[in-house]
Amino acid sequence: MASYTIQDINNLLKGKLIGNTTQHIEGPEELKNAENHHISFIGSTKYLKFWEDSKACAVVVNDNLTLEPGDNRAIIKVKNADLAMAKILELFNPPAPEFETDIHPSAVIHETATIGNGCKIGANCYVGKDVELGNGVILYPNVCVFDETSIGDNTVVWSGTVIRERCIIGSHCIFHTNVSIGADGFGYRPSDDGGGLVKIPQIGNVIIGHHVEIGANSCVDRAKFSSTIIGDGCKIDNLVQIAHNSIMGRSCIMAGHSGLAGSVTLGDGVIIGGSASIKDHTTIHSGATVGAGSGVVGDIAAGKTVLGYPAQDARDMLKQWVVMRRLAKK
C-alpha cells in the first residue's frame, strides 16, 4: 500500500503547511470516518467543528479558514480544498483493470475496421465494418461499436456500452458502463388512417467532442437528420437523457436524472441540476444554471439562474416560496 509523508503531500499541493505529523498518510477519508493514517479536507466553515474529534492526522483546508492543527497533526492551507483533494485522490487512485492480452480472442472485429496503436479490446466486444479506433482506445468487455463509427485517441469505453453506426467520438473521452450512443430518437406521428403511430426514420448520427465524460446508463440519441452534438469538455452524470438533434456547447454539466427533449440547444458552460427537464426546441444560453428538479419551458438568457416548475428567475421563485410558507402558517 502506498503511503506518503505530510511533506510529500504538501510538495504536491504547494500549500502552506501548519503543524506537523510523523504519521505516514495512506489515503484520504471524510473527517467523521478517518483513522490516524488518513488525510481529510474542509472547504466550508460548517465542517470545521468536526476537526477536533476526527482521528485524521492531517487536513487540507481553504486558506480563508482558521483552524488549529493540534498535537502530531497538520493542516495544509490551499486556495481550493476541493481541487487539492482531487490531486490527492489521483495520488492514491488504484490502477484500472488489466488486460491479459491487448485484443481478446473472443472479440469480433470486422476485417475492414482500423485499429490504432496500443488499443485494448476486451472479451466479447464487437467492432463493426469500417470502424476506426484511434491510438490507445480501450474497449472493456462486452462493448459494441457499430459500422462506420470513429473513436478518437485514448478514449475509454466501459462494459455494456453500445455505440451505434456512423457516430463520431472525440479523443480522451470516458463512457461508463451501459452508456447508449446513437439509439433512434423518439419520433412518431399518427397514421393517416388512424390505425396507430408511424415511426419517423432517424437517419442522423451523434457527434461527441474531446474530453467528454458520460455516466452509467445515460443515453444520447441520434438525430432525425444532421447530428446530435455534445461539445468538448461536457460532463454528463448517470441516468441522463439527451434527445435527438440536441446540441450542447463546450464544458456543460448535466446532473443525474436530468434530460433534454428534442432539438434543445445549450450554450457553453451551462449547468443542468439533477432531475431537471428541458422542453423541446428550447435554447439555454451560455453560463446559465438550471436548478435541480426544475422544468424549463422557454429560452433562458445567458448567465441567468432559474428554479422551479415552470422554471423562472431563482430569486423570484425563492420569494414566492417564502410567501407561500407564510400563508400556510396562517
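This is a predicted model: local features need pLDDT of at least 70, side-chain atom pairs count only at pLDDT 80 or more; totals for chains, interfaces and linings use all residues.
Me: Is Thr21 buried or exposed?
Reply: Thr21 sits in the loop between strand S1 (16-19) and strand S2 (27-28). Buried means under 20% relative accessible area. Thr21 has a relative accessible area of 4%, so Thr21 is buried.

Me: Which backbone oxygen does the side chain of Thr21 reach?
Reply: Leaving out residues up to four places away in sequence, Thr21 touches Ile6, Cys57, Asn72, Arg73 and Ala74. One of these contacts involves a backbone oxygen at 3.1 Å from the Thr21 side chain. That oxygen belongs to Asn72.

Me: How many Å separate a polar atom of the Thr21 side chain from the backbone nitrogen of Gln23?
Reply: A polar contact needs a pair of N or O atoms within 3.5 Å. Here the pair is a polar side-chain atom of Thr21 and the backbone nitrogen of Gln23. Their separation is 3.2 Å.

Me: How many Å separate the C-alpha atoms of Thr21 and Ala314?
Reply: Thr21 and Ala314 are 293 residues apart along the chain. Their C-alpha atoms are separated by 46 Å.

Me: Is Ser191 buried or exposed?
Reply: Ser191 lies in the loop between strand S19 (188-190) and strand S20 (197-199). The cut-off for buried is under 20% relative accessible area. Ser191 has 17% relative accessibility, so it counts as buried.

Me: Which backbone nitrogen does the side chain of Ser191 reach?
Reply: With residues up to four places away in sequence set aside, Ser191 touches Gly196 and Val198. The side chain of Ser191 also reaches a backbone nitrogen at 3.0 Å. That nitrogen is in Gly195.

Me: Which residue of S24 stands opposite Ile208?
Reply: Strand S21 (residues 205-208) runs parallel to strand S16 (residues 168-169), with two bridges between them. In that pairing, Ile168 stands opposite Ile207. S21 also runs parallel to strand S24 (residues 227-230), joined by four bridges. There, the residue opposite Ile208 is Ile230.

Me: Which strands are the edge strands of the eleven-stranded open sheet?
Reply: The strand order is S8-S11-S14-S17-S22-S25-S28-S31-S34-S36-S37, with mixed pairing. Each edge strand pairs on one side only. The edge strands are S8 (120-121) and S37 (312-313).

How values were computed:
Residues are numbered from 1 along each chain as its sequence is written. Side-chain values use heavy atoms; hydrogens and water are left out. Buried means under 20% relative accessible area, exposed over 50%, partly exposed in between (1.4 Å probe, protein chains only). Contact means heavy atoms within 4.5 Å. A polar contact is a pair of N or O atoms within 3.5 Å; within protein, one must be able to donate a hydrogen and the other to accept it, and residues adjacent in sequence count only if both atoms are side-chain atoms. Two strands pair if DSSP finds at least two bridges between them.
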